[in-house]
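The following questions and answers examine how the elements of one model pack together. Please consult the sequence and structure shown here while reading.

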Amino acid sequence: MRTEPPRLSGRNAALAAVIGVAVIAALVAIDLFAPHLFRASLPNRLQDGLTLSLSVLFEALPFVILGVLLSIVVQVWLPDGVIERILPRRGWARRAVLSLLGMLIPVCECGNVPFARGLMMRGLAPAEALTFLIAAPIVNPIVILTTQAAFGWDNGIVIARIAGGYVVANLIGWVYSRHPSPDGLLTERFRSTCELVAHEQGTPMRRSLAQFLVELRAVMPALIIGSAIAGAVQVIVPRDVLLAIGSNPLLSVVAMIALAISVAICSNVDSFFALSFASTFSPGAIVAFLLVGPLVDIKMIALLRTTFTARTLAGIVTIVILFGFALGIGVNVFV
């Protein structure tokens, strides 16, 4: 049996067209009815949106390719039974170890998605893969170093980010480990891909090439659409509106969570972006931004949708946002 690479569906093309039309319509409407909200003219904002979308895309692309290559190593070249022998047998212990795996793999959140897909194709449960996916962008060694370089050890931001990422990852893993039908968490298309990969024939090199095409064609449409939405949101939502509420301990957390979801910055460099808000927003708001952004920003949601159902994704996003909000408020109150 030969794996057929998934093709860009008409639905994805239609979605991209709808997004483009909606963005243009929103910009024109804002320019007509509320021009005072923006300092730049409409053509400049359109150019900024395109620039931001391309920057998000090109920033994420190398990590996506690296993640695909790591996924191929796991699926094709890793001997059978290696993962099972390394990991503990108890579910909670397996998830605890998997949530630390990101310390050994310096890949940002975009590359973690194809790698996690490879883990599930080798037999890991969806809940276990989710634990890795949520923790890895936070416990990544590069992310830890850049966060410490940006904020030092002041205000507990570094510790809160690392501990928060580890806890919310294991919380999500525990919640979905109790799901009565684990396969129901996954899209039908991904389940079909797993079946095809399991019966793939040929030499390791041939299988590696086929799987490279499978994974790249699965995640690239989502990455492009997610990048386009991220760029559009940044030119539609007035940044001054967010900055105006930055001094409020409660609203600042909400504002930075909204900003984290919309700007879609790689977790390897988002600390330096957040540093520019440190003088305006509370420490708790900064922590919420650094936690929520790498896990459920627009780009990441689009990538996760290639693998998990909309219902599963809604639950993940809800848990991360509520946890990020609680963590931000806690930092503001106790630190």
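**Helix packing in a predicted model**

Q: What is the handedness of the crossing of H6 and H14?
A: In this predicted model, helices H6 and H14 pack with their axes 9 Å apart. The handedness of the crossing of H6 and H14 is right-handed.

Q: How many nonpolar residues does the contact of H6 with H14 have?
A: On the H6 side, the contact involves Ile 134, Pro 137 and Ile 138, which meet Leu 290, Leu 291, Pro 294 and Leu 295 in H14. The contact of H6 with H14 holds no polar and no charged residues, and its nonpolar residues number seven.

Q: How many of the 14 residues of H14 are buried?
A: The end C-alpha atoms of H14 are 20 Å apart, which agrees with the 20 Å that its 14 residues should span at 1.5 Å a residue. H14 is largely enclosed by the rest of the structure, because the number of its buried residues is 13.

Q: What distance separates the axes of H8 and H16?
A: Helix H8 covers residues 157–177 and reaches 30 Å from its first C-alpha to its last, close to the 30 Å expected. H8 packs with H16 at an angle of about 145°, and their crossing is right-handed. The distance between the axes of H8 and H16 is 10 Å.

Q: How many nonpolar residues are in the contact of H8 with H16?
A: H8 contributes Ala 160, Gly 164, Val 167, Val 168, Leu 171, Ile 172, Val 175 and Tyr 176. From H16 come Thr 312, Gly 315, Ile 316, Ile 319, Val 320, Phe 323, Leu 327 and Val 331. Three residues of this contact are polar and none is charged, while the nonpolar count is 13.

Q: Which helices do the buried residues of H8 pack against?
A: The buried residues of H8 include Arg 161, Gly 165, Asn 170 and Gly 173. The buried set of H8 packs against helices H4, H6, H7, H13, H14 and H16.

Q: At roughly what angle do the axes of H12 and H16 cross?
A: The axes of helix H12 (residues 251–263) and helix H16 (residues 310–334) come within 10 Å, and the crossing is right-handed. Val 253, Val 254, Ile 257 and Ile 261 of H12 make the contact with Ile 321, Gly 324, Phe 325, Gly 328, Ile 329 and Asn 332 of H16. By class, this contact has seven nonpolar, three polar and no charged residues. H12 and H16 are oblique to each other, and their axes cross at roughly 135°.

Q: Which residue just after H5 takes a positive phi?
A: The 13 residues of H5 should span 18 Å, and its end C-alpha atoms are 19 Å apart, which agrees. H5 has 13 of its 13 residues buried. Just after H5, a positive phi of about 115° is taken by Gly 123.

Q: What percentage of the residues of the chain count as buried?
A: The chain has 16 helices and zero strands. Among contacts between residues at least 6 apart in sequence, 84% join residues at least 24 apart. Of the 335 residues of the chain, the share that counts as buried is 52%.

Terms used: Residues numbered from 1 in each chain as written. Predicted model: local features only at pLDDT ≥ 70, side-chain atom pairs only at ≥ 80, totals over all residues. Heavy atoms only, no water. Axes fitted to C-alpha atoms, helices over the stretch in contact; angles between N-to-C directions. Helix = DSSP H or I, 4+ residues; strand = E, 2+ residues; numbered from the N terminus. Parallel < 35°, antiparallel > 145°, perpendicular 65-115°, else oblique. Left-handed = near helix turned anticlockwise from the far one by under 90°. Contact = heavy atoms within 4.5 Å. Nonpolar A, V, L, I, M, F, W, Y, C, P; charged D, E, K, R; others polar. Expected span 1.5 Å × (residues − 1). Buried < 20%, exposed > 50% of the residue type's maximum accessible area, 1.4 Å probe, protein only.
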